[in-house]
Each structure stands twice: as structure tokens, then as C-alpha cells.
Amino acid sequence: MEYTEIMVRYGELSTKGRNRKAFINQLGRNVRNTLHAFPNVKVQAHRDRMHLKLNGEPSQPIIAALKPVFGIQTFSPAIQVEKELSVIYQTAIEMVKERYEEGQTFKITTKRADREFLLDTRELNREIGHAVIEAIPGIQAQMKQPDIDVRVDIRHNGAFLSSEMFHGAGGLPVGSSGKSVLMLSGGIDSPVAGYLAMKRGVELEMVHFYSPPYTSEAALNKAKDLTVKLTPYVGSIQFITVPFTEIQEAIKKEVPPGYLMTITRRFMLRLTDAIREQRKALAIFNGESLGQVASQTLESMVAINDVTNTPILRPLISTDKTEIIKLAEEIDTFDLAIQPFEDCCTIFAPPQPKTKPKLEKCIQYEQRLDVEGLIERALASITIEEINSRDQFLQAKEEDFTDLL
């Protein structure tokens, strides 16, 4: 059918009290961003629900684009018609016929915001249902769990009919909980952590460490492709590439093998925190799960986290690998994540890394390194790209990026 609008229901946003308007406005911005390829769609974000006026745009690709948008509980494509009973009856019949298969049941559910309309909700249910039964031989009405539920909403500006309800992604609109950065590797865990952070309304920028020639262009593109998988939930994501070769070579030269991983992670965290500050973000997210690898024991976390006071948030901290893999499969990042490309966390990895590193040892070994100089040179060479849901990359140097907005 040629739908005229899509009605969006908020779910959790409805409980936000005095802050509700801010959450709804953020969702409106996100929906507009997601539907940038459909310029004729008009988004009207009201207190009770959101209305997307299609204005001739095709409904099916818009429905597909809305499903992953956080903050949407459910939504329904609808048709607006005149408040004439004959028109309402005929539209309901056509709507049921389009979906009806032999043996299925139906139900009419009406709401009447226009109290001056000549029939009340009970009468509308009866009369519209009667028209459907007369027009479709053999169809039966069923009040509980019908196969087809036609919803009729009588408002002051017309009658709106819908027969399908789609589930959205739930959660909170991305951006409503502030901005953070995510330490994105090329593995299974960090994209899942990013997904969970965005579901709670966090706007994320990705920080990825790149060490050519030890890590390849293919490995870098894999991290970008993982970011592409997350863009449908928000529209676009900033991807920050940090050159890390000089730092890893210096660590390899000066630090004992058992502490290579710990010192490497301390440098990564220093750089991520400096980028967070430059990008005016509030926190750092990563994909760590307690005890999963040597750098994710409590002792390692204490030794690594010592370089910053910034909140470090770990959505996967208490999940096991099976649970993480299941989520990765659900968001379609798993098959990409297991492709065998190296990353900065695997090169120079010692056979027996310290699982209980001592902080004083970390500080002692770092005194052999030009920590400030290494950090400064890496930050001077970062690049930032905008990765959007059309799978296009817009690359620029840090100092030029603002000119492209």
C-alpha cells in the first residue's frame, strides 16, 4: 500500500519526566540523520509519539532504516484518509486484503482523539469490522492475538489506519547520554561494547591503533568495516587512526618481554585519553571482559588505569565469550571480526605476559622511554574520518576536519 506516514512510539523515553523533551528532540535529530537519503520525509517529534510524513518517499527502505535506531520502541506505517466512513471502511478492507491468507483472523482497534466524530470507538470497531467481514468471505474476527490487527486513529486532521507494527532497537537515543571514545580493535569484543554503549545513548568516536608495517592496510580496513556495521544505529561515526609503530618499537627495545603488553596498553590509554580531551568527550569505553586475557585481570587493569583519572567503562566486564559472540552475531560483526588480520594487541605479544604486573615496575620501565615525546609525535599524526551508513569514508587531517562539517 502507499503509506503516507510512519508513527513512532518511544518506549523508555516516555518515563523521562522533565527531561523527556530533550530525549525526544535528540531522537528526532538522529532519525533525520538516519533518513538523510530521503529528503522529502518530514519528522515531527511530539510528546506522545513521532510522526514521519513520507511525502511520496518509499516506505520499505525507511522501515528498514528505522529498525536499528536506538530510542524507538515500535513503529507502524500508516495511511491518512479523510474522516468519511466510506473511505475509512474501504481503506481498512484494502489493508486487510493485502495481508490476508486463508484461515487468518483479524481485529479492529480504534482510538478517537476527535470527540466530535459521529461514532465512538465501540461503534467504529463494530462497523469497520462488519465492512471487512462483508468484503472478505471466510475471514473471522478474533479479539485476542489476531493475525491482522487494524488500528484506526481518528484525529482532528484526519483518520489514520495501520495494520503492521515493527519493533525498534529500544534503549536511549544516541547522544542523549553524552559523548565518549571507544578503543576499537579488530576483534570480537570492542564492537559489541560499542553497540551496548550506544544503546544507552552514548555518542561514540572510534580510536584505532595502527602499526605499519607490522599491521596491514587490510587490518585497518577491517576496523573501519566494523565501524560501518555500527553506523546504522546512529547514522555516522568518527573514526580516529593513531599511528603506533614508533611507540611499539621503542617498547619492544627497552621493556622486558613480560611487561610488553602492560606498557603497550598504558601508552594506548594515555593516547586515547589525550584524544578524548581534544574531542571533548567524557569517558573511555573498551571491550574488556574480566579475566579473558592477561591484560584484563584486575591487577593488570590497576596497573594500566594508573595513567588516567578519566572514567573507563567496560560494558562487557562480567560477560563470558559465548555471550559476547552471541551479541556479535546478532549485530552482524562476528564474521568480520574473526577474519585473521593482525592488530596492535597481537604483534610483539610475549609468550608469557604478566597477569599480575606491578605498578612500580611499570613506572621503572617507562623511565627508559621518552614517554612525552612518543605521545606528542603520535598525536600529531592522527587522522580522522567520518564513516557513515552509506559506507563512504571522508578522510582529513585533524586540523582540517572541522572545515568539512
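1. A word on terms before we start: Ala, Val, Leu, Ile, Met, Phe, Trp, Tyr, Cys and Pro count here as nonpolar, Asp, Glu, Lys and Arg as charged, and the others, Gly among them, as polar. With that in hand, the lining of the second largest cavity divides into five nonpolar, two polar and three charged residues. Please keep in mind that this is a predicted model.

2. Now for the whole chain. The protein chain has 13 helices and 16 strands, and its C-alpha atoms fill a box of roughly 85 × 45 × 40 Å along the principal axes. Of its 405 residues, 52% are buried. If you take the contacts between residues at least 6 apart in sequence, 78% of them join residues at least 24 apart.

3. Next, the nonpolar cores. The largest holds 48 residues, and those touching the most other members are Ile 6, Val 31, Leu 35, Leu 52, Leu 66 and Ile 88. Helix H3 (residues 85-99) gives the most to this core, with five residues. Leaving aside neighbours within four places in sequence, Ile 88 has contacts that include Phe 117, Ile 128, Val 152, Ile 154 and Leu 161. Another core, of 35 residues, lies apart from the largest one, and its members include Ile 240, Val 255, Ile 312 and Ile 382. As background, nonpolar side chains in soluble globular proteins tend to be buried together.

4. Of the 34 lining residues, Ser 185, Arg 265, Gln 296, Asp 343 and Cys 345 are the closest to its centre. Helix H5 (189-199), strand S11 (203-210) and helix H8 (260-278) are the elements that give two or more residues to the lining. By class, the lining of the largest pocket has 16 nonpolar, 12 polar and six charged residues.

5. There are also cavities: the structure holds three of 30 Å³ or more. The largest cavity has a volume of about 80 Å³, and the residues that line it include Gln 248, Lys 252, Thr 264, Cys 345 and Phe 348. H7 and H8 are the elements that give two or more residues to this lining. Sorted by class, the lining of the largest cavity has nine nonpolar, two polar and one charged residues.

6. Back to the second largest cavity, which has about 60 Å³ of space. Its lining includes Arg 265, Glu 288, Met 301 and Arg 314. H9 gives the most to this lining, with three residues.

7. Is Glu 288 buried or exposed? Glu 288 counts as buried because its relative accessibility is 4%, and buried means under 20%. You will find Glu 288 in the loop between strand S13 (283-285) and helix H9 (298-305). Its side chain makes a polar contact of 3.1 Å with the side chain of Arg 265 and another, of 2.4 Å, with that of Arg 314. Not counting residues up to four places away in sequence, Glu 288 also touches others, among them Ser 295, Gln 296 and Leu 316.

8. Finally, helix H13 (residues 371-380). Its buried residues are Val 371, Gly 373, Leu 374, Ile 375, Ala 378 and Leu 379, and what covers them includes strand S12 (236-243), helix H7 (245-254), H8 and helix H12 (359-366). Glu 372 is also in helix H13, but Glu 372 counts as exposed because its relative accessibility is 68%, with exposed meaning over 50%. Glu 372 and Gly 291 are 81 residues apart in sequence and 31 Å apart in space, C-alpha to C-alpha.

Definitions and conventions:
Residues numbered from 1 in each chain as written. Predicted model: local features only at pLDDT ≥ 70, side-chain atom pairs only at ≥ 80, totals over all residues. Heavy atoms only, no water. 1 Å grid on protein atoms, 1.4 Å probe; cavity = no way out; pocket = protein on both sides within 12 Å on 5 of 7 lines; lining within 4 Å. Helix = DSSP H or I, 4+ residues; strand = E, 2+ residues; numbered from the N terminus. Core = buried A, V, L, I, M, F, W, Y, C linked by side-chain atoms within 4.5 Å. Buried < 20%, exposed > 50% of the residue type's maximum accessible area, 1.4 Å probe, protein only. Contact = heavy atoms within 4.5 Å. Polar contact = N/O pair within 3.5 Å; in protein donor to acceptor, adjacent residues only side chain to side chain. Points joined across faces, edges and corners; volume = space filled by probe spheres on them.
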